[in-house]
Amino acid sequence: MVAALLAYALLYASPYGLRVLTVAGVYALAAIGFQIVFGLGGALSLAHGAFFGLGAYATGILGSQWGWGFAATFPVSLLVPLLLALLVGLPVLRLESHYFALATLGIAQVVHLLAVNSPALTGGANGLPGVPGIVLFGWAVPRGLPLAAVVWGFVALGGLLAWRLARGRWGRALTLVRDDPLAAGTLGLDVGGLRLAAFALSAVYAGAAGALAVHTQRVVSPEVLEFPVMVSVLTIAVVGGRGRVAGAILGAVLLLHLPEWFRFLERSYLIVYGVALLATIVLAPHGLTGLLDRLFPARPAPLPKPEAPSGLAIANGPLLRVEGLTKGFGGVRAVDGVSLTLKAGTITGLIGPNGSGKTTLVNLISGLETPDGGRVLMGSADLAGQRPDRIARAGIARTFQAVSLPEGASVLAAVAAARLERDGSIAQAEAHALWALERLGAADLAAKPCAGLPAALRRRVELARALARQPAVLLLDEPAAGLTDGEKAELAGHLRAIAATGTALLVVEHDMGFLLPLAGHVLCLDQGRPLYEGPPEGVRSDPAVVAAYLGEGAR
Amino acid sequence: MRRFLSILSATAFSAVFSATLLPGAALAGEASVPVLVPLTGFLSLEGTSQRNGAVLALKDAPAGVAVRSEVIDTGTSPEAAVTALERAAGGKVTAVAASMLGTQMLAMLPLAQDYGIPLVTVSGTASITEQNNPWVFRFFPGDAVTKEAHARYVTEELGKKRPAVIYQTTAYGQSGKAHLEQAFKTLGVEPVFEEGVDPAAKDLLPVLTKALAAKPDVLVLHLHSGPTALFIRQAAANGVAVPIVAGSAMHQPSTAALLEPAELKGVCAETAASPISGGSPEMEAFTAAYRAAFNAEPDAFALGQYDSIRMVLAAVQGGADSAEAVRKALSGGTHQGLAMTYKSDGKGNMAHSAVIVCYDGASRVPSITKRYDNLTGVVTGMVK
Amino acid sequence: MITLQLLVNGLALGAAYALVALGFVLVLNATAAVNFAQGDLVMAGGLLGVALAPHLPGYLPLPGLLLLPVVLVLMAGLGLLLAVAAYLPLRRRPPVAVFISTIAAGIILQNGASVLFGPEPRAAPPLLGGGTLDLGGLVVAEQSLAIIAVAALLIAGQQWLFGRTQLGRRLRATAQDPEMARACGVPVTAMILITFALGTAFAGAAGLLLANRYFVTPTAGGDLILKAYIAVTIGGWGSVPGAVAGALLIALFEVGVSSVLSYPVALGLLYATLLVILVARPQGLFGEAARRRA
């Protein structure tokens, strides 16, 4: 693709063709940044156009009014959007999906209003003329081929950086944050930090693109801040292929050239453009890169050699002590003063009727809910109320009642996500992931996509992911749900093997036939309060437990 | 891909560059005049007038002048305008009928200078003739001219001392407001109320209410077509007795078409010309030809662009065989146009007249009430 | 007195915005997809009214009111077309693909309208009459009252349809969980098509109502989709009463706040309020109702 673009630019393009190519480069750079925050991070940032415009105005004002040169204006154009992104990112990134989109849209609209209504600074709606061209090391870059080359040089640089980031640990982590932020946190990933970094980095790309845009058109005006710029970038990213650097470049080249091809239709050319855009998205709903992937499937990468991670030293004796944990929702006490101790190498069963607070207790320990009171002690550290990733790093792993695996990823990649925070490279993370799969007898699944796995295998993969964290404490929320008797027996064997390495297990389960032979110790909750605690043998004969289960019965 | 491209561009060129050769006549010259105007976006109304005016002038080119042209939409972004100019510059170009959006003009100017292409426009906003660029020609009175006429009519003819100024927060509105302010100051009048209105604002009763609260003796508008009509309608509905003198958007026939003639009673507006108001047989012929060709009513922008292209073609007929020769002819010559007589002030400002038109309440066609000639204002940029 | 007058105007504008937002939110609930063409559909409804007006026999009273059902039916047809062209081929795809396909549909509508009708602003005929009523010194445009009445009727009709009829129950089931609805024997595809028709008809009604008082140009849609998006999000993604409340809030700023402060300041305050609401109530004013898929 690079060769084709280069050949076109050098051999065939007229000054007009080069101009379109240059503008395509500007949009490609902006779209690469958008791929980071939207494609990889999954945050529909509608402030991306505003960051583009801020970069444009920084260069425009400093260049035309203050007489600053490229060497000074360009860094400022990166810095101004970055600062705004960091400033608004903290409150705004807490919002979810569409609320985040609307908040960023609001910010973009405010920036646009300010630009239009501060004529003294921005030239108002008319904008500012006389923006100087790019000067690189004393060389004033003339328009045409040199300008196109410089712009595409920035695209290449930015593209390479983004590509490396996307393929690396950071990109993988960000993808998981997009697909499943809850799971990402419990795998030790700092969800907020990753999102903020992606948002800030995307702003830098947008600012750079904005600066290059005004150097190309030599005028800055509020059009750079208007919604169509934002829509163009979004369209480029989706038509090209969401999350892919190549997608941003392909999309920008296609969408900037598309209207030019139909110019001869005078007023109707945009109708044809709309039809072409519609046809493209219908024929290639996963973008141009998705289409290329389908036409030329990549050869599957060879599997790494499984490698056992150097284990965390697990001490003997009590690993986790929960003391008086309490949580209320509205007026209801979901968990009411629960205490328990998990010892190394033991399996503890957590039972109770539906709604008795089992899952809430697991959520409280793993940090997905904040307790109203009580302590969660790992050694001497109190983890209660800490962020999920901090708790995960302390050595607690968990699985979910409703298994969620990233649908687009392979099994190996999904399990390797557990190691991103700890390992030095993707290769190492995957070697460790394969080890975890192997331990559960699921190594043959490694190359398969997560999408379409049967329920039992999904549970297995999720368990492997938790296991790959080499946790001191492993919390399992109904691991046997939906399994056949044979599969349950196999699972029990695996859990015993895990416990044998020193990990302390807490297993939430309804199936007493599965749990009671497995657990060394059982805690029964009812309406958030401990009802029974002791050896499994005593459960069936405890009148309070039987009463609580009533019709549900101790099967 | 390349093959696809070349097929497309081949069709494009055959479809667009159709030479209208006059049979038999000796060829006095050849003119290639691309029309680069906003046909989409918020200025499409004015841009379409520009296009129609230019196309009409090119269609009845003077004897012996062979004409080639194509129309390219510039949208509303500077980037699209520059791309369009670069595209047009790929062929031989005599002059370009260029966008009336000031920002687009500012973006095109450096490139036009590089290529040596005269830009003829009807843009009244922005400091496009203040860039020391000899390649730009403004065939429409700039805001400095029209707003002087606007302010002088309000103060000298109507004798008003307390104007309320309501303008659009667009390039058109902000530039007009800045020049109105200047013109009123020169006349020793201070507006009692000034406010910008977003073009997307639907209901204008709030701003009307605030303006009236300032007890003005005249409402001075500088709004786009739709908002002008909306404001006048809401003022009429509320029985506002304060007279309204509007900006040039009012004179556009499509603005008056939105209103009942009665609602227009007493409303006046500044403009460069009002073709539908007639005034001379030539003007009436132009209006008739325009209606026949486009099934639409001509406005001053169409007429200004028509006059500008006529002047370019006259130069070609007179022997100007290159872009440079056309530039010289435009900057040195005088052209008796339909709207007025055009002559450069040395900076490319060709139009120095403005008129005030008023509506009588019985018809949507205004009559010319006052004419201001030989106004020499300088359109300034927004930065003070 | 002037305050009352502003209130009526604000209500009328808010009622029209509410119809736009309502069409948007119905499609959103049924498909989990953002219909970005909604603003352009409003524009199309307005221009349809403009185009049809000369064909009505002049001797009939109340031409605008007669136009309303015609516009509703034709726009419902356009909605079906939109669903078939831009939604159904992409229903198993990521929702963002529908975002782009409806952007494309919007581009086609906007430029098609520009070629067909030209760029001039147009006025559709009034529903009842173009005049004003003088209610004891309170000058109220008949059209304002008509807008409020028609919007209220249509919204009430939608509530009745969804709340009280078999069809409505099926539509709601589809909106809540299409897989479950399908399992229960609801023809989900037909329900989605009906929702698109309904949403587009509402857009058309809004277009006809707005295009008399506030005129219509081919480029009018861009601003309306922004407002619909804001109204729907501020009210709570997917909540119908929330969308109506959001629309009224926007109108309050446009007509109310701007009668005290300047337009740009009122607009800035609207966005500031928006951000405050989002920070204070991250799930919108009325809580979230839409399924989350993306």
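This is a predicted model: local features need pLDDT of at least 70, side-chain atom pairs count only at pLDDT 80 or more; totals for chains, interfaces and linings use all residues.

Biologist: OK, and how many residues of helix α15 in chain A are buried?

Modeller: Nine of its nine, with the helix covering residues 358–366. Helices (H or I, at least four residues) and strands (E, at least two) are DSSP runs, numbered from the N terminus.

Biologist: What happens just after α15(A)?

Modeller: A:G367 takes a positive phi of about 90 degrees there.

Biologist: Switching to strands: what order do they have in the open sheet of chain A?

Modeller: The four strands go β4-β3-β6-β7, with antiparallel pairing. Two strands pair if DSSP finds at least two bridges between them.

Biologist: Why is one side of β4 and of β7 in chain A left without a neighbour in the sheet?

Modeller: β4 (332–343) and β7 (381–382) of chain A stand at the edges, so each has a single partner strand.

Biologist: And how many bridges join β3 to β6 in chain A?

Modeller: Five, between β3 (residues 318–329) and β6 (residues 373–378) of chain A. If you want a spot to look at, A:T326 stands opposite A:G373 in β6(A).

Biologist: New topic. Which domains is chain B divided into?

Modeller: Domain 1 is 16–141 + 278–343, and domain 2 is 143–271 + 354–372; the bounds come from an automatic or database domain assignment. Taken over C-alpha atoms, the centres of domain 1 and domain 2 of chain B are 29 Å apart.

Biologist: How many residues does each domain of chain B give to the contact?

Modeller: Domain 1 of chain B gives 13 and domain 2 of chain B gives 16. Contact is when C-beta atoms, placed from the backbone, lie within 7 Å.

Biologist: Now between chains: what does the contact of chain A with chain C take from each?

Modeller: It takes 32 residues from chain A and 36 residues from chain C. On the chain A side, the largest share, 10 residues, comes from α5(A).

Biologist: And the contact of chain B with chain C?

Modeller: That one takes 29 residues from chain B and 28 residues from chain C. On the chain B side, α2 (44–59), β9 (193–197), α7 (205–213) and α8 (225–237) each give two or more residues.

Biologist: Last one: how many helices and strands are there in chain C?

Modeller: Chain C has 11 helices and two strands, and 59% of its 294 residues are buried. Its C-alpha trace spans about 60 × 50 × 40 Å along the principal axes.

Notes
Residues are numbered from 1 along each chain as its sequence is written. Chains are lettered from A and ligands numbered from 1 in the order in which they are written. Two residues are in contact if their C-beta atoms, placed from the backbone, lie within 7 Å. A residue is buried if 20 or more other C-beta atoms lie within 10 Å of its own, exposed if 12 or fewer, and partly exposed in between; C-beta atoms are placed from the backbone.
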